Amino acid sequence: MKKGKVKDSTNGLRDFQNSVRHHVRYSGGKALDQASKGDLYEAVALAVRDRLIDGMLETDERYKRQDAKRLYYLSLEFLMGRALGNNLYNLGVFDLAKDALTDMGVDIEEVRDSEIDAALGNGGLGRLAACFLDSMATLGMPGYGYGINYEFGLFRQEIDNGCQKEKPDHWHSEETPWLIQRRSEACIVPVYGRIEHYQDKSGNDNPMWMDWKILIGVPHDMPVAGYGGNTVNYLRLFSARSSDEFDMQIFNEGDYFKAVQQKMSSETISKVLYPSDSVEAGKELRLVQEYFLVACSVRDIIRRYLANHDTLEAFADKVAIQLNDTHPALAVAELMRTLIDEHDMEWEGAWEITKATLGYTNHTLLPEALEKWPVPLLEHVLPRHLQIIYEINRRFLQQVSARWPDDGDRLARMSIIEEGEPKQVRMAYLSIVGSHSVNGVAELHSELVKTTLIPDFYQLWPERFNNKTNGVTQRRWLLKSNPLLSELITETIGDAWITDLDRVRQLEEYADDEAFKKQFLEIKRANKERLAQIILDTARVEVNPDTLFDTQIKRLHEYKRQLLNVMYIIHQYMSLIEDQKQLTAPKTYIFAGKAAPGYFMAKLIIRLICSVGEVINRDPRVNGQMKVVLVPDYRVSLAEAIIPAADLSEQISTAGMEASGTGNMKLAMNGALTIGTLDGANIEILEEVGDENIYIFGLTVEQIQEMRNGGAYNPWDYYNQNPNIKRVMESIGSDIFCPNETGLFKPIYDNILHQGDYYFHLADFQSYLETQEIASRDYNDPSVWAKKVILNVARMGKFSSDRTISEYAREIWDLRPVV
């Protein structure tokens, strides 16, 4: 399959080679025969970037000519991954570049492997943002990402004696070729200081923000090409710099070192993704980081708008801003502050513009993930913004009181300011009050937002609430990451699916075609062989590609229930060695994912996975029937290798806790069958693929709520009544998997049996076990398995991020393609 067609006259083998040679010599300062693989990667990337810049400038001119409305997607995370391959595919020059480099004696795959992942995100939130940028550009929509140019992205994970060790991920320690610095568009950001109250000519209170310090936000643009190269938008990332003046008072008093220290302190704001907030200094840094993103973004967006418009009256007609979760919630206060303090607007007019401009996406039902900031901290860091938040809240509570008079409990529940010691600002509530749209990211999640998370707000403004089920871009997650399957699909139904994933439904008619099934399974086997080599290289475990690859690849969290998977693995192991049972299907259990550095239980579960794997993998009695491996340092490029090789996709979160999930979509799109609960987007995948082509188990949301609220769940009942559960729990509580560290896993045992099993592991265990058995039996019949897999791929059309973005554009942003 040709990865796109050559689009412009500058393309051509010789032109591309000349461009690469030029950058080796003049950008890298080397002769071609002296260039390392890293040098060649840099030169190839710069040759591609030249084309991206041409496209970006042409795209911007097109938008300006039509005075197009623009969307700005504010997110603290953008998990972009590697850019070279994706850009080559989307520009339609992959084959050309491959042939050009081969002619120069260079292997394109070696060049691609030299690239470091841009790990500017933590997981699904950041990867979703990256997929959205791809879809906006492919659809020809004026949409831009706004984030922070972290010097250190998400930590690099090493596994040492079964323990997660966090190492710095200095993703652009050597200048990345993908970022274009825009020093002339730097933003001035005020922070700290105090409020002085004055009166204006009419005698009204006129608060003045005084004695603030200055941060400088320097933008860096990462071009984002849509498929076909017709549209090139960009992701704008801000780096923090201190004001060039330092603090002249400190300098004049002779303390030069303190002045320099202040400069260094300012620049730590964009140093690291998610600094620890376990201590006060970390909390402050994280708050400043969120404000820095918002302040730079609002200032830059208004500057861009005013370059082509004389007044701000039509701002909301030409600008839409989407808040990706609560991290950018301060945009509500910052946009208000800017309109009122800097552009002399009256409150009412500024408020209408703010609401009409902003939309808010909620991504979680976990109360601890809904951000709150202590009022004293906000007062210290952003005194003017706190003042504005209080005024927003005062006016909002008047509205609530008018609707529900004499309902003090409701006022307390809905107030943006949560009473307590200290008082807290509820950032989700600020986002809801200051936006015209509030959306969830899967049908179940959106319903639970309305009925469970914030029902009072839904009763007040039902028209604001809507659902936008997440999606993923098939360009990266199928075309790029699974070229063998992509070629088969294109040879079978044509290539229109690359920009219209609904077209893959045509594969349904091949689900009973034995020759097609055989080809499909051969591709899966080849992908499994490739992954087996990666596992051997990185985890030093040899796995058999003929076994069922059972994969759980996601951030470590108790609600995602990696522990339930491990419990099942222990059950299988005990069945083998104590009961002398043969497993229905030999399996390789593949885990990958990082735990937050301060999350004790998640890190202990990693330790358990590794310890269980070490015992099983070394036990000769297992005789090749099972292997367990945790592949270290999960990231986008590793996901691109694991997902095409997966047979079974573990989506086993406690029902009602996963907002959507997108790994479930990527895996199903690549021919892995889902075993999962009725949670998040699993429900919609079930509706699309049919219940005979997915393995659903466990309690429903309603059953869990009933058991939780009624106090009816007692894990000891399951322990005493089910010998399988009892044996598994005793194994975890004993030293079978930690012979040299007595009691290592006792906290897990206690958490389940003595602390209530909050995530219902034991309640779902037997159902999970039985459903796993059904999946194993199906796998043993290749024809049956292949049909299910093909139908999964064929019915994934709904889960393209192109569909998601089209819905956002039509129903929230009022955004149209500009072609």
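Contact here means heavy atoms within 4.5 Å. The structure is a predicted model, in which local features need pLDDT of at least 70 and side-chain atom pairs count only at pLDDT 80 or more, while totals for chains, interfaces and linings use all residues. Residues are numbered from 1 along each chain as its sequence is written, and side-chain values use heavy atoms, with hydrogens and water left out.

By that contact rule, Phe765 touches Leu564, Met567, Tyr568, His571, Asn724, Ile725 and Val728, leaving aside residues up to four places away in sequence. Phe765 sits in helix α31 (residues 761–779); helices (H or I, at least four residues) and strands (E, at least two) are DSSP runs, numbered from the N terminus. With a relative accessible area of 0%, Phe765 is buried, where buried means under 20% relative accessible area, exposed over 50% and partly exposed in between (1.4 Å probe, protein chains only). Tyr718 lies 47 residues from Phe765 in sequence, yet their C-alpha atoms are 9.2 Å apart in space.

Because 10 of its 12 residues are buried, α11 is largely enclosed by the rest of the structure. Among the buried residues are Glu334 and Arg337, as well as Leu335 and Ile340. Asp344, which follows α11, has a positive phi, near 55°.

Turning to the strands, two of them pair if DSSP finds at least two bridges between them. Strands β9 (residues 194–199) and β10 (residues 205–210) run antiparallel and are joined by six bridges, with Arg194 partnered by Met210 in β10. The two strands form a hairpin with five residues between them, and Gly203 in the turn has a positive phi of about 85°. Elsewhere, three strands make an open sheet in the order β15-β17-β16, with antiparallel pairing. Its edge strands, β15 (372–374) and β16 (417–418), each pair on one side only. In strand β2 (residues 78–81), Phe78 and Met80 point one way and Leu79 and Gly81 the other, and all are buried. Three bridges link β2 to the antiparallel strand β3 (residues 118–120), where Ala119 is the bridge partner of Leu79.

Grid points are joined across faces, edges and corners, and a volume is the space filled by probe spheres set on the points. Seven cavities of 30 Å³ or more were found, and the largest cavity has a volume of about 170 Å³. It is lined by 15 residues, with Met80, Asn86, Asn87, Val224 and Arg476 closest to its centre.

The second largest pocket has a volume of about 800 Å³. Of its 29 lining residues, Arg82, Glu109, Asp113, Arg530 and Ala641 lie nearest the centre. Helix α21 (514–539) gives the largest share of this lining, five residues.

Definitions and conventions
On a 1 Å grid over the protein atoms alone, a cavity is a set of points where a 1.4 Å probe fits but cannot get out, and a pocket is an open set with protein on both sides within 12 Å along at least five of seven lines; lining residues have an atom within 4 Å of a point.
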